[in-house]
There are 2 protein chains.
Amino acid sequence: MDTPANEFRLSPASAARYSLYLRCLEERVRMGCRTISSKQIAEAMGIRADAQVRKDLAPLGGMGRAGIGYPIHDLITAIREALGIHRRWIAVLVGAGNLARALVRYQGFRDQGFDIAGLFDNDPSKVGTEIEQLHVFAIAQLPERIKSSRAEIGIITVPAEAAQAVADVLVEAGIRGILNFAPTVLRLPSEVRLTNVDLSIQLEQLAYQIQHGSG
Amino acid sequence: MDTPANEFRLSPASAARYSLYLRCLEERVRMGCRTISSKQIAEAMGIRADAQVRKDLAPLGGMGRAGIGYPIHDLITAIREALGIHRRWIAVLVGAGNLARALVRYQGFRDQGFDIAGLFDNDPSKVGTEIEQLHVFAIAQLPERIKSSRAEIGIITVPAEAAQAVADVLVEAGIRGILNFAPTVLRLPSEVRLTNVDLSIQLEQLAYQIQHGSG
């Protein structure tokens, strides 16, 4: 829809790998590196073949130079553009518990271009307080705050039984994507994107891998 | 390795879907249902074709009955066995911050068979305290506590720069799998399973989906 004409489209697996490349490259920048070879990237990410790295990065334009490698800073910029995170995204966070507290303090969000515009909860003892300089609003205020802050992403950290009602309010208010931490299956209209972070599922999948030796 | 001979092996995608089926079926149990059709499962999970559901569940044995559906309780048992979570798993949690607090309070872990045996941190103001009746130990005590509790899973919630050192201690102490919340790429021996929950990556992938309309 609003994909710029000159942008290529990544498969979900490539998009996920781009995020991992980004994390790896950012670490190299912190270490003071300025260039990196496909072999070094492969090693850092635990990928066996650096041909996979070169193939993944090829759509970004011939950025690698034989004997020198990739210029890390330019590669980061190109990956961020390909992922659509060269711009900033505004999110609202619903459910002001421990997880919300951890998320708000989590420096990574801001570093990657995500700003949390407000916290929302229905607990009267939380509404009106502040968490890390963010005001906690009543859930009834979500629609107006989403509009005034131009938030496009909703993060849900309420208990499972409250999650669908919160999702409905977010959708109604025009949110475009939801990051859902509640351990429940949300029903959303097809134009609203959904990413589930069900922490039990992550543990279940890890247990399955341990037991079956896949990976 | 220790895969029972009568267990079939799931693809990573099927294993992930089994977790989602489980969540959907558990919700039905809470609603008081006793049977469910493949069509109802497909609808609840937002899958278009119920043929996919029937195909996914076929390896569990012919549990579906025409006109009646699947017996929910038996289906849950069969899926939990297939995923290897019909047994309990013991985990240690390293990094006693807000995220750890949220994870420890998260009822879902216990419900799905995961017990947290202890919290570990190097902050002297945290060591010796209790979080939700769990004692916070010094990280130096990890090896002996892992052995005495028979923990097989390590959960890492320390900052990125401390994560590799913690992972090394966990591996050395014989942990079989790591659930890593630190936004960094961990290097582990191949026999140790790793699941990364990088919250920035989840948000990046959501932003990519919003922008490019995939899903």
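Accessible areas come from the Shrake-Rupley method with a 1.4 Å probe. On that basis the accessible surface of chain A is about 10000 Å², and carbon and sulfur atoms hold 51% of that area. The model is a predicted one.

Chain A contains 9 helices and 9 strands. Its C-alpha trace spans about 60 × 45 × 35 Å along the principal axes. The chain has 215 residues, of which 52% are buried. Among contacts in chain A with a separation of 6 or more, 55% link residues 24 or more positions apart.

Chain A and chain B bury about 6400 Å² between them. Carbon and sulfur atoms account for 58% of this buried area. The contact involves 69 residues from chain A and 69 residues from chain B. Across this interface there are 3 salt bridges.

One salt bridge between the chains pairs B:E204 with A:R23, at 2.7 Å from N to O. B:E204 lies in helix α9 of chain B and A:R23 in helix α1 (residues 12-30) of chain A, so the pair joins two chains. Both partners are buried. B:E204 has a relative accessibility of 0%. For A:R23 the relative accessibility is 4%, under the 20% limit for a buried residue. A second salt bridge pairs B:R23 with A:E204, with an N to O distance of 2.7 Å.

Helix α9 (residues 199-212) of chain B also holds B:Q202. B:Q202 is buried, at 15% relative accessible area. Neighbours within four places in sequence aside, B:Q202 is in contact with A:L179, A:T195, A:N196, A:V197 and A:Q202.

Over all chains the count of salt bridges is 19. One of them is formed by the side chains of A:D121 and A:K126, at 4.0 Å from N to O. A:D121 is buried, with 12% relative accessible area. A:K126 is partly exposed, at 26%. A relative accessible area under 20% counts as buried and one over 50% as exposed, so the two partners fall into separate classes.

In chain B, the side chains of B:R54 and B:D50 meet in a salt bridge of 2.9 Å, N to O. Both residues lie in helix α3 (residues 50-57) of chain B. They are 4 residues apart, about one turn of the helix. B:R54 is partly exposed, with 41% relative accessible area. B:D50 is also partly exposed, at 23% relative accessibility. Elsewhere, salt bridges with shared partners join A:R23, A:E26 and B:E204 into one network.

A:E132 has a phi near 50°, a positive value in a residue other than glycine. A:E132 is placed in the loop between β5 (130-131) and β6 (134-138). Its relative accessibility is 42%, so A:E132 counts as partly exposed. A:R150 is not a glycine either, yet has a positive phi of about 60°. The loop that holds A:R150 runs between α7 (142-149) and β7 (153-156) of chain A. A:R150 counts as exposed because its relative accessibility of 70% is over the 50% limit.

Definitions and conventions:
Residues are numbered from 1 along each chain as its sequence is written. Chains are lettered from A and ligands numbered from 1 in the order in which they are written. This is a predicted model: local features need pLDDT of at least 70, side-chain atom pairs count only at pLDDT 80 or more; totals for chains, interfaces and linings use all residues. Side-chain values use heavy atoms; hydrogens and water are left out. Buried means under 20% relative accessible area, exposed over 50%, partly exposed in between (1.4 Å probe, protein chains only). Contact means heavy atoms within 4.5 Å. Buried area is the accessible area (1.4 Å probe) that two parts lose on being put together, summed over both.
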